[in-house]
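Me: Please take me through the terms used for this model, setting each value against its cut-off before drawing a conclusion.

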Amino acid sequence: MEPRIELLAEKKLVGKRIRMSFSDNRTYELWRSFMPKLSEIKHRINSDLISMQVYDKLPDFINFNPAMKFDKWATAEVDDFNDVPGEMETFMLSGGLYAVFNFKGSSAEAPKVFQYIFGTWLPRSGYALDDRPNFEILGEKYKNNDPDSEEEIWIPIKPETQSKLVDV
């Protein structure tokens with residue numbers, strides 16, 4: 001599974017968030033509260049949904065701590081922040097370099113994909129994880145918990161820093 005590397009422009013997002021960890025996964029609760037309000041979001045630029053993770057500090061996916069807390073967002077992209085529905089918040093996703101993986105399969109298979117991304121692809125890629133949110137774009141081919149579901153996984157990256165040259 002090889003990603004495409006893409007330079008993302010900043011995005012304006014409107015949605016809901018919930019504090020959680022991987023061991024206390026509240027994703028279903030978040031989306032269950034978000035989806036009935038989706039039609040209230042004005043100025044959407046497309047029909048895609050964005051599931052986003054915002055970490056307090058850059059996560060260590062090699063020595064993974066499933067109890068680490070983070071903000072999980074359910075959002076839609078908009079072209080302006082006017083008329084934000086009650087109970088929703090805005091988020092400005094800063095632009096930058098991303099590795100974009102096309103994932104096909106059910107959400108039950110996702111942990112294996114993320115293990116590959118962070119445990120195999122990233123260490124060999126020439127890139128390092130950047131301290132920005134990672135997210136998934138749930139487009140027209142997304143079908144919750146369906147083996148034929150398709151989504152894009154966006155991982156923030158930056159070029160690995162060069163080792164300091166040693167004077168000889």
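**Values against definitions**

Reply: The mean pLDDT of the protein is 91, and 95% of its residues reach 70 or more, pLDDT being the predictor's confidence in each residue, from 0 to 100. This is a predicted model, in which local features need pLDDT of at least 70 and side-chain atom pairs count only at pLDDT 80 or more, while totals for chains, interfaces and linings use all residues. Residues are numbered from 1 along each chain as its sequence is written, and side-chain values use heavy atoms, with hydrogens and water left out.

Me: Where does pLDDT stay under 50?

Reply: It does so over residues 162–168, for which the model has 0 contacts beyond four places in sequence, a contact meaning heavy atoms within 4.5 Å.

Me: Why is Glu-77 called buried?

Reply: Glu-77 has a relative accessible area of 11%, and buried means under 20%, exposed over 50% and partly exposed in between, with a 1.4 Å probe and protein chains only; Glu-77 is therefore buried. Glu-77 is found in strand β4 (residues 70–78), where strands (E, at least two residues) and helices (H or I, at least four) are DSSP runs numbered from the N terminus.

Me: What joins the side chains of Glu-77 and Lys-11?

Reply: A polar contact of 2.9 Å joins them, the term being used for a pair of N or O atoms within 3.5 Å, of which, within protein, one must be able to donate a hydrogen and the other to accept it, while residues adjacent in sequence count only if both atoms are side-chain atoms.

Me: Which residues lie nearest the centre of the largest pocket?

Reply: Asn-25, Thr-27, Lys-72, Ser-107 and Ala-110 do, out of 36 lining residues. A pocket is an open set of points on a 1 Å grid over the protein atoms alone, with protein on both sides within 12 Å along at least five of seven lines, and lining residues have an atom within 4 Å of a point. The largest share of this lining, 6 residues, comes from α2.

Key: On a 1 Å grid over the protein atoms alone, a cavity is a set of points where a 1.4 Å probe fits but cannot get out, and a pocket is an open set with protein on both sides within 12 Å along at least five of seven lines; lining residues have an atom within 4 Å of a point.
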